[in-house]
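User: Hello! I am new to this structure and would like to learn how to read its features. Could you guide me through it?

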Amino acid sequence: MLSYSLGRLAVFATLGVFPVALAAPAVQADPCARIAGKAFAPPADALACMKSFPFNETLRQNVLSVVSRVFDFYTFEDYYLNSPAPFQDSTTNIRADLDRINRTRYQTDFDFNKDLYDFTTQLNDGHTRWFPDCYTQFQNILPAPIVTLEENGEQSVFIAPDAVEFISLLGTNYTSFFDSTLHFDWRRLAGAKVLEIEGVPAYDYAERVARTQSGNYLDLGVRVNSAFSSYRISGTDYSQRVGDMAGPAIPVQETLALTLVPVNATRAETVRVPFLASYAGESFKNKEEFWALNCAANNETNGVDFKNSSQIENQQAKRIQKLAKANVVDISKKVSVGLPTQFQPTLPPVNGSEGVIKSYILSDKKTGVMFVGSFEPDDFDGFQTDVQATVTHFQQEGVSQVLIDLTNNGGGFVCLGHFLHAFLTGTKSLGDFPNPGFQSTNRANPLAQKILASEIALGVNSNISFYAPDNWAFVSNDTRMATSHNYMSPPSSRQINGQTYVESQRFLDVCPFNVDIPEDPPFDPSKIAIVGNGNCASTCAMFSTLMNERHNTSIAVFGGKPGLPTQFKGMAGNQVLEWADIDSEIKTANLKDDPLAPPDLLVSGDFRHNWRTAYSFLDENTPIAYLSELPHSRFAYTADTYNNPQNLWTFAAKALLG
């Protein structure tokens with residue numbers, strides 16, 4: 001692997017003299033003023049504002065120093081040199097890519113950040129991405145969400161039949177741009193069959209977007225499904241995701257050319273449909289305010305030393321133990337559009353449906369449905385009591401089989417995935433491996449080893465640190481480690497694509513469950529099935545993988561490109577650390593001045609990374625992220641199921657559970 005360390009560049013020795021909140025570079029024009037105060041703007045105007053800040057070498061070196069040194073903690077770096085099938089389209093040399101970005105001449109700060117954003121996006125690991133806050137506040141939205149449906153036994157691409165109801169929920173500030181300003185009749189496109197997009201077959205264009213823009217998921221088939229519109233839960237409400245073709249994250253496209261056949265027509269026509277960019281950031285009046293509010297580093301950008309008493313009090317007020325997360329960031333959630341009311345379930349919700357889980361009993365009276373929209377609730381303990389309340393309600397009503405919907409579940413708290421797995425299957429089913437999670441490691445690079453050793457010496461515990469040993473349990477007996485146990489001494493090493501990968505000893509999660517786990521499963525495990533669209537990330541992917549590997553649960557995936565294999569899990573990393581998290585670990589260990597430590601970011605942004613690896617039960621030498629696990633069943637969406645969860649559940653219950 002190419003040896004590359006931006007930390008060796010002399011320029012970094014001087015970074016400390018620059019203020020954290022740099023002033024916006026002066027330019028002659030102010031295109032930001034043109035869109036100030038607007039919720040929506042033409043993409044060209046939004047792009048002009050973002051491109052008004054000239055390239056700054058100091059900022060490039062600062063950002064790349066952070067990115068390069070955080071990559072030292074990244075668990076999957078060596079896999080990218082030759083990614084195993086079927087994930088080979090992610091193959092790249094990360095250090096060579098960083099070197100290219102360091103040598104490229106850019107005209108604007110946007111150009112640099114967009115290049116870095118695209119590079120990390122195309123790693124297809126939602127745990128490891130650069131998000132520059134300056135340039136991720138806008139999202140393009142097409143008034144023609146695109147779906148894949150089966151019609152008369154054949155799968156094709158369509159404009160969503162509910163496009164009018166869906167897009168109207170964006171409000172008249174959005175629709176009037178097309179109606180009054182452009183005089184563009186977007187409503188007539190609803191339900192049209194799409195033959196080509198930008199001159200290529202529609203499914204091929206979806207695959208192009210999946211390879212270049214979607215990111216988040218190693219599996220190409222899953223990313224293709226992400227390109228299409230689909231239902232989801234956003235927060236605690238039903239929502240409809242626009243999809244990566246009709247809702248790309250950064251507004252660099254002004255239009256999308258669609259060759260289509262409208263409803264009740266027989267001839268194809270090509271329509272160039274305009275995008276309109278939504279803005280989800282803080283209100284601004286001019287470019288200086290745009291920079292100050294979105295681009296300059298703030299008091300939440302970088303990490304803190306958690307040994308500071310006020311920081312300890314703040315952390316302990318939240319909970320006793322820091323809680324590991326595994327989730328992806330879906331920028332489209334900044335502009336959450338509701339699912340039209342007529343497509344939401346009409347069944348009465350059962351107990352425990354107030355949060356991120358929506359549960360129902362189908363009309364057959366024997367099937368209980370749990371739509372788990374996320375593992376990242378506002379109330380960690382409340383998620384557990386909701387599951388308990390739902391299962392109890394199911395049992396009282398005589399439910400004998402359970403369908404779990406994981407569509408567009410972006411993950412969340414690691415331990416809540418483990419909790420749901422254990423609660424549905426019972427402790428007895430875990431057998432000789434009583435922990436409800438996976439064997440895990442983190443990367444034992446030199447700075448990581450220093451962090452752990454320093455925190456042990458300082459007496460740091462799991463209240464304020466993820467490295468602290470008492471976060472973890474021994475694999476041999478599932479007992480919690482003492483705060484003095486150094487699980488990186490000695491480290492373990494193995495060869496990955498010709499590189500020596502050094503990692504910690506293996507360990508297990510210690511989870512603070514507040515609900516008793518039943519010994520026996522509340523339902524026959526063979527009568528539990530899972531459905532989704534493959535966009536099941538992180539903790540969601542770990543939960544579904546646990547159900548598959550340990551209990552052979554029936555899993556079905558809906559949608560996708562016909563003939564393209566699609567995994568049931570999206571990104572299956574074990575834990576993500578945000579930039580502020582790893583920076584806090586370094587500062588809490590008194591190592592911010594270490595030559596290996598990254599500097600503070602001078603801009604507002606986040607370079608997150610996959611910090612832990614979960615190993616498969618089917619192959620204990622392979623991370624679950626790189627183990628191909630296909631669903632037991634594949635189904636096409638139809639006009640009755642793509643945006644109507646209740647119809648989909650009714651179909652799936654009969655097909656999977658009988």
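Predicted model: local features only at pLDDT ≥ 70, side-chain atom pairs only at ≥ 80, totals over all residues.

User: In which sense do strand β16 (residues 401-405) and β23 pair, parallel or antiparallel?

Analyst: Residues are numbered from 1 along each chain as its sequence is written, and side-chain values use heavy atoms, leaving out hydrogens and water. Now the idea: strands of a sheet pair through backbone hydrogen bonds, either parallel or antiparallel. Two strands count as paired if DSSP finds at least two bridges between them. Helices (H or I, at least four residues) and strands (E, at least two) are DSSP runs, numbered from the N terminus. Here β16 and β23 pair in the parallel sense, over four bridges, and V402 has I528 of β23 as its bridge partner.

User: Which strand do four bridges join to β23, and what lies on the way?

Analyst: That is strand β24 (residues 554-558), which runs parallel to β23; I530 has I555 in β24 as its bridge partner. Between β23 and β24 the chain passes through helix α15 (residues 539-551), and this β-α-β crossover is right-handed. Right-handed means that, with the strands pointing away from the viewer, the path from the first strand over the helix to the second runs clockwise.

User: Which residues point each way from β23?

Analyst: In a regular strand the side chains alternate between the two faces of the sheet. From β23, I528, I530 and G532 point one way, A529 and V531 the other, and all are buried. Buried means under 20% relative accessible area, exposed over 50%, and partly exposed in between (1.4 Å probe, protein chains only). Five of the five residues of β23 (residues 528-532) are buried, so this strand is largely enclosed by the rest of the structure.

User: What is the strand order in the open sheet of three strands?

Analyst: The order is β1-β12-β3, with antiparallel pairing. Its edge strands, β1 (40-41) and β3 (138-141), each pair on one side only. Two bridges join β1 to β12 (residues 276-279), and A41 stands opposite A277 in β12.

User: Which residues touch the most other members in the largest nonpolar core?

Analyst: In soluble globular proteins, nonpolar side chains tend to be buried together. A nonpolar core is a set of buried Ala, Val, Leu, Ile, Met, Phe, Trp, Tyr and Cys residues joined through side-chain atoms within 4.5 Å. The largest one has 90 residues, and F71, L116, F290 and Y467 touch the most other members. Helix α3 (residues 57-71) gives the largest share of this core, seven residues. Apart from it lies another core of 44 residues, among them A192, V209, L258 and V337.

User: How many residues of α5 are buried?

Analyst: In α5, 12 of the 13 residues are buried, so this helix is largely enclosed by the rest of the structure. Those buried include F110, L116 and F119.

User: Is D30 buried or partly exposed, and what does D30 touch?

Analyst: D30 counts as partly exposed because its relative accessibility is 26%. Its contacts (heavy atoms within 4.5 Å) are N286 and K287, not counting residues up to four places away in sequence. The backbone nitrogen of K287 lies 3.2 Å from a polar atom of the D30 side chain.

Conventions. Polar contact = N/O pair within 3.5 Å; in protein donor to acceptor, adjacent residues only side chain to side chain.
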